Every structure is written in structure tokens, then in C-alpha cells.
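I opened my notebook for a first tour of this structure.

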2 protein chains.
Amino acid sequence: MSKKRVVIAGMGFGGLSAAKALAGSDVELTMMDRNNYHLFQPLLYQVATAGLEEEAIAYPIRALTRNWKSATFLLSDISGVDLDSKLVITDAGEVPYDYLIVAAGSRTNFFGLQSVAKYAFDLKRLDQAEDMRNHILLMFEEASREPDSEKRSALLTFVIVGGGPTGVEFAGALRELIVYVLSQDYPLISLSETRIILVEAADSILTAMPEKLRNYAHKKLVAMGVEVMLETRVVGASGESVELYGGDLITSHTLLWSAGVAAAQLDVKPQVERGAAGRIVVQPDLTIKGYPDVFIVGDMGCCMSGGLPLPMMAPVASQQGAYAAGALLKRLHGDEPEPFHYFDKGAMATIGRSSAVATAAGFNLSGYIAWAAWLLLHLYYLIGFRNRLVVMMNWTYAYWFQERQVRLITAKKRRAALIQ
Amino acid sequence: MSKKRVVIAGMGFGGLSAAKALAGSDVELTMMDRNNYHLFQPLLYQVATAGLEEEAIAYPIRALTRNWKSATFLLSDISGVDLDSKLVITDAGEVPYDYLIVAAGSRTNFFGLQSVAKYAFDLKRLDQAEDMRNHILLMFEEASREPDSEKRSALLTFVIVGGGPTGVEFAGALRELIVYVLSQDYPLISLSETRIILVEAADSILTAMPEKLRNYAHKKLVAMGVEVMLETRVVGASGESVELYGGDLITSHTLLWSAGVAAAQLDVKPQVERGAAGRIVVQPDLTIKGYPDVFIVGDMGCCMSGGLPLPMMAPVASQQGAYAAGALLKRLHGDEPEPFHYFDKGAMATIGRSSAVATAAGFNLSGYIAWAAWLLLHLYYLIGFRNRLVVMMNWTYAYWFQERQVRLITAKKRRAALIQ
């Protein structure tokens, strides 16, 4: 009997943990991703705020898998799945499978706001983080030679939409970049000319956190100089202003959108049931109904738990990837897997120097200790000794010297458009 | 009396050393560059061969100059100089000067070969090095799924034109990338399928070196597996093949052009005398004849020494930058400067692991000791403690683990075209 062909579509947190669990098992493994690296997305905002170089949060997939037997990597864009013919459709051809783990992740959800989709920045990919960094630094360069104070103000106002962890962490990191670094770099720009506005539609930031931590984070951001606008919705953008629901305009050249994600686009045939944000509804074993050989893990899958879909975040994806690999091997050997059970390890967000919030197993932490825990956990989950070393070095350097060296403008136009 | 306005156009090695020499003096200093960073060009080839991240060889200009009084930086493209009106023409407006130091550097010289200019890669800018790295890795990705052996061979053949230090160093580094790293990453590609061809028009590589060192470098490259073609000229390229003088074709998707440089394009009015490669002919004090307040330093200037123009290389630019700053200050105080005198510290090129050639003060070194000297000198001349640390870490890591982690494909199309 020939080996079963297992395909993993997408090498984010879900795909990677599935691949690790399958390495060394008696299957023919094909891994696919549009990039040749695994990206540690939780630190993208630090690349965007000149705190880390891009290379520090990306790890070459082939460096991980080079010693795995019967495993191949295919650099390809995955466009669809044909469930009945058991084929994955990619720009490098159709790839047959016996078992499939779909881990294609998510994309930014602009909720149909076309002007926002056109002008806003978002942080899902490495090149987008580089674009964001280039843009922030360019705004300061332009402001430093702009005599008109209204125009300067528009250049130096930064609007962030979405008070989740990404929005909060980005707002804090941007404020520190400006206060500690850029205020020294641009002696002609006064700190009081700069504005960072965090806009959130709900009545609180970090809604997934306990109230005490939400309040801590809110107060901390305000104390750092970030303006927090709650119960406010952004409905449009022009590149020179941001439009709020009700018609108010904020004059600003910069809009970061971190207000929502949707499942990655994937043409599944025949059509399958989709939940909110386009996520594919899965069975308790993470497979598609009627297709016990196709698992959906991570952001792509809509897995219910306690009446709600599990959140679109890295720990869910990692646990589901490992589960799917195990379930697949069980099924391969004629056993039936137990249903997937998510173990909630908690949540955390960093706000600034020595300041973070964390909740785990009923404990709420804030301040220095939460910040130290955040640093250690992120270093732990980063892949590769070298990346850990580089990130640790950057963090130490930034902490001691209040300096961020990666403040390079590598292009004056947005490069993301060029990515295939 | 108001302070004299001194403008430095270009912040490469020449501009930087001039700026350092002028820092703290009683002038109003304006520095200009199209980038917001100083680039350590001699290590660009290591970025192109996945040995270093881009950020490690770039240093933000504002980080250098933030504590200098009466000094400003203007991010701008410099297009011309109006000598009689004493204006520098940039895309950020016209900037008046009392004294001007032109240090605009050089661009790649394709000697009018339009098909080569269109399809060849060259290494002058950071984005070009990233493009080169992306392209090399993409060739391996494509070859790994290409069944046709002729097509595979074309994908895995790399042609480098120009046997100067850049061509030699790139050829050696690429060969080591393939032998130590990519051969592990792509188990389906055999080392014997890959070819690196170094093409040189003269009868020897490294023509500026003594014969003994030229021979050492040549033998070493061949022993490493690089094919060296002497007395051979490339006259055309198509993206899928490289055409040699005489009509022979090498089937290859990759052509790196390092066969010549010319002075950067700069519209000087009124027209001034130009030497070979468009360099501006300078007086013994590096000024333009009739304009004792305009200094030309580095690759832009044609400064004769012993009947020959000084070479277009970093040490010349650095010495000239420092000289011009001193001469300018002397002239400002009514003194006449001594003529510029170049102190030749020697030349070196690295070929591979523990292998380099160096010549200085009549001594010729090769092998391990030249390699160690090369490493130390490059670390010494790099700017910034952090960059030295990162580069040293990368080199140590590569030496111990025979691994290069920066092998990321950050874009599947050439991004250089987007740079303004």
C-alpha cells in the first residue's frame, strides 16, 4: 500500500503546528504557502513601528522541514479546493490529496468600506508592515519641511481603527517611537503637534479582557498621550482625511485599520456552509460535514465552543493544527478521534515600556509583571534560535537606549501592491 | 555676519565623512540624500546572497546627526546644480548654498547595452539586493518543481559579469549559499545541476591586485566550483539567456552586472568638463575650475593622481569628503588649502570561508589571515554599535552553523522599479 498523501494548505500557526505533528509519521506530506516563510504575525506591529527588522519575525519553511523525510514544500498561491475530486487548486497546478488540512488564515475585513480598503493600511503581511513603517517616517520627513501648520498637523495625525490587541499595541508602540526616537530625530517638530487617535466602535478597548484590565489599558494609553475615542465608527477615508459616522472628519494622512478580519478567500467546490466572516463551518472534529478527510483549522474554520465561534487568534490555530494532525493519523489507522477541545491559555496585550495586561486561568495581571510575561512568551513562541536572539537584542537595545534603529525608508511608494 | 550655508549633496562615504568633519563647526549645514540612511555598499552582495538582513548595513542619517547643532537633513532627490546662482536643484525645491560638497556617488554603467540594462540585476541600492535575493531563491523554488532538465538547468545557471571585487565576492558568496544551504533546502536539486559563471573581459580577475593574489583568487574560485571565463564579453541578455561577443548563448535566467560604474546623473549648469564615466574633472583641491566653493568628492569626481583618475571606491570618497570639509573651513577663514593627496591603504576581496586576498603597503596576504583582516576591517567601518553586533552575529552564525537565515522571498516581482 502506498503512503497516504497529506496536504497542508497554509503555513501560519495552524499549518505549522499540524506539520510538526505529522513530521516523521508514515505519510507523504506536502506543505504549501504563498510565502517561503512562516510569519510571526503578533509582532508585525513592531516591524511597522521600526522596532524590529522584518527578517526577525519570519522563519524559512525549508529551514524547518529540511530534515523531514517524505515532506515537500510547494511555494504557491492556493485559490481553491475541489472536495469531490480531492484536489487543491494552486497557481503551481492542481495537487491531489488523500487528507487535507486547510490552514489558509485570514485577511483584513473592511466590511465593504471601499474608500477605507483603498487608503487604509493594514497589518497582515510583512510587506504591509514595511509600507506602514516607510509611511510613518515619510510623514515626519514631509512635516519637517512643511511650513503650513494645518498641513503639518494632517501629516502628524495618525488614526488607528480597532481597539483590539493589534490596535492597542500599535498605538502604544507608535507613541513611544514618536516620544523617544522621532522627537529627537526631528528637532523642528514639536511633540504637541503630533496626535495618535485610537478609534473603537464598542464602549471599551480590549473587549475580550476583564473590565479591570480594560480600564488599566485605557488609562495607560491616555497617560502616554494616545487619544481614545470609544463608540465611534470610521466610515470612510480619502488619504487626507478620515470620515467618522455622523460626518465628522479627522484630517490625517494615516489610517491603520485593525478593526476586523475575515477568512481568506478560498473557492471550495461544492459550496460549503459558511459562518460569520466567511469562515467554514466545521464538525466537532474540525472536518467539513460529509468530508471526514478535510480539516479546517485556524482563522479559516468556524468552530463553535459554548455557543460562540472560537476567536481568530494564534493559540486557537496552533491547537487546532496539532489536533487535526492527530485526528488524521487516528482516522488513517481506523480509529475515531475525540472532538476538538480548545484549552484557553488566556490573553495578553502590551501597551508600552514596562506596561501590559494579561489574563490567564482567572488571574489578572497588569503593569511590569504582565509586560515581562508578554516578552518572555513572545520570545518563547518565536521560531528559531537566531530570531529569538535578534528580537531579544532589539528589545534590550530599545529598552536601554530608547532607540529604534530600523527606522529606514526603503520605498517612498507602497510596495504591497506588487506582491502577487 | 550670518553663518555660511554649507550643503552636502549625497550621504554615501564621501558625504558622510565630510559631514562628520563639519559637525560642530560654525556653519549652517544641510545634508541631502534620496534615502534616509547611509548605506554600507561593500556588503550589499551579502544581502543579495541571504547572508545579512538589509537593516544591518543601513544606518539612519538622523540617528547620526541628531545631536549636531545647526545641521539639518533633507530627504530629497538631487537632480542638478546651478553653479552661478549657487543653488542645488532637488525634488524638494531649490536649496541655496555658500559652499557645496557634491557627493552624489555613482550608478551602474551598462555601456549602452540596452537589453542588459533591462534584464540584468545590479547592486547599488538596498532594494536591488533584496530583488537579487528574492530572484535567486525563486529560481530554486521553480527548479524544484520543473521536470524538464533543460529548463531546470537554465533556472539553476547564474551568470555574473565583471571580475572586480563585487563580482568575485558575489560569486563566492552565492556558491557557498548553494553548497551549504540551498543544497540542504532542496533535496530534489543536485549540486551538479547548478552553475555559476563569472565572466570577465580582461585576461584576469581582480586586475587591481598583484598577480600572485589574482592567481590565488582565481584558483580558489575554481576550486569552489565557480566557472571563470576570461577575455569574454557579454553583449546582450533576454531574461532567459545571456549573449556573449561572438554570438554564443548561455541559457540562464540570471545575470548580475558588476562590470562598470559611471558618475551619478547630475545636471550641472553651466556645463563642466567631464572625464571618463561622466565624472566631473576637479582641480587639485577637488573644486570645479572657476568655482572654488564647489567641491566634488568620491565617485562623482575625476581626480587625477599619477596620470590616472583615482578609482571609484569607498576609501577615496571618505578621504576626499574629509579633505573637502577641511579645505572649505580653511577657505572660509581666508587660508588656502593644500592639494588633496590620496593615501592608498590597499585593497582586499573575500572569496569564501576563511579565504580572501589583501594587499597593503607592499604586503600581499591571502587565505585565512586576509579573511580575518577583511572581517575586522568591515566591522570597523560599519556604522553603529548595533549594526556591528548584528553583522558579527550573522557571520558567527553562518560560520558555525553553515546556515543563512535571511533566505526569505519577500516579493515575487522585482520591487526596484517602484523606488522613486
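**Entry: a leucine in a loop.** I began with B:Leu286, which sits in the loop between β20 and β21 of chain B. For these names I used DSSP runs numbered from the N terminus: helices are H or I runs of at least four residues, and strands are E runs of at least two. B:Leu286 has a positive phi of about 70 degrees, although it is not a glycine. Is B:Leu286 buried or exposed? I found 26 C-beta neighbours inside 10 Å, so B:Leu286 counts as buried. My cut-offs here: buried takes 20 or more other C-beta atoms within 10 Å of the residue's own, exposed 12 or fewer, and partly exposed lies in between, with C-beta atoms placed from the backbone.

**Entry: ground rules.** This is a predicted model, and I note that local features need pLDDT of at least 70, side-chain atom pairs count only at pLDDT 80 or more, and totals for chains, interfaces and linings use all residues. Residues are numbered from 1 along each chain as its sequence is written, while chains are lettered from A and ligands numbered from 1 in the order in which they are written.

Entry: I followed chain B on to an open sheet of six strands, in the order β5-β2-β1-β9-β22-β21, with mixed pairing. Two strands pair if DSSP finds at least two bridges between them. At the edges I found β5 and β21 (287–288) of chain B, each pairing on one side only. β21(B) runs antiparallel to β22 (residues 291–296) of chain B, and two bridges join them. B:Thr287 stands opposite B:Phe295 in β22(B).

**Entry: cis peptides.** I looked for cis bonds and noted one between B:Lys269 and B:Pro270, with omega about -10 degrees. B:Pro270 lies in the loop between β19 (267–269) and β20 (280–281) of chain B. In chain A, the peptide bond from A:Lys269 to A:Pro270 is cis, with omega near -10 degrees. A:Pro270 is in the loop between β19 (267–269) and β20 (280–281) of chain A. I also found A:Ala277 in the loop between β19 and β20 of chain A. A:Ala277 is not a glycine, yet has a positive phi of about 60 degrees. A:Ala277 counts as partly exposed because it has 17 C-beta neighbours inside 10 Å.

**Entry: chain A as a whole.** I counted up 11 helices and 28 strands in chain A. The radius of gyration of chain A is 22 Å, close to the 22 Å that the globule rule gives for 420 residues, so chain A is as compact as a globular protein of that length. (The radius is taken over C-alpha atoms, and the rule is 2.2 Å times the number of residues to the power 0.38.) The C-alpha atoms of chain A fill a box of roughly 75 × 45 × 40 Å along the principal axes. Buried residues make up 51% of the 420 residues in chain A. The domain assignment, automatic or from a database, gives chain A domain 1 (4–34 + 76–108 + 261–332) and domain 2 (114–259 + 346–418). The C-alpha centres of these two domains lie 32 Å apart.

**Entry: a covered helix.** Next I checked helix α1 (residues 13–22) of chain A, where eight of the 10 residues are buried. Among them are A:Phe13, A:Leu16 and A:Leu22. The buried residues of α1(A) pack against β1 (4–9), β2 (27–33), β3 (37–39), β9 (99–102) and α9 (314–332) of chain A. Just after α1(A), A:Gly24 takes a positive phi of about 85 degrees.

**Entry: the core.** The largest nonpolar core has 267 residues, and A:Leu100 is one of those with the most contacts inside it. Such a core is a set of buried Ala, Val, Leu, Ile, Met, Phe, Trp, Tyr and Cys residues joined through C-beta atoms within 7 Å. Leaving out residues up to four places away in sequence, A:Leu100 touches several residues, including A:Val7, A:Val88 and A:Phe295. A contact means that two C-beta atoms, placed from the backbone, lie within 7 Å.

**Entry: where the chains meet.** I ended with the interface, where 38 residues of chain B are in contact with 38 residues of chain A. The elements of chain B giving two or more residues to this side include α5 (126–144), α7 (165–185) and α11 (385–401).
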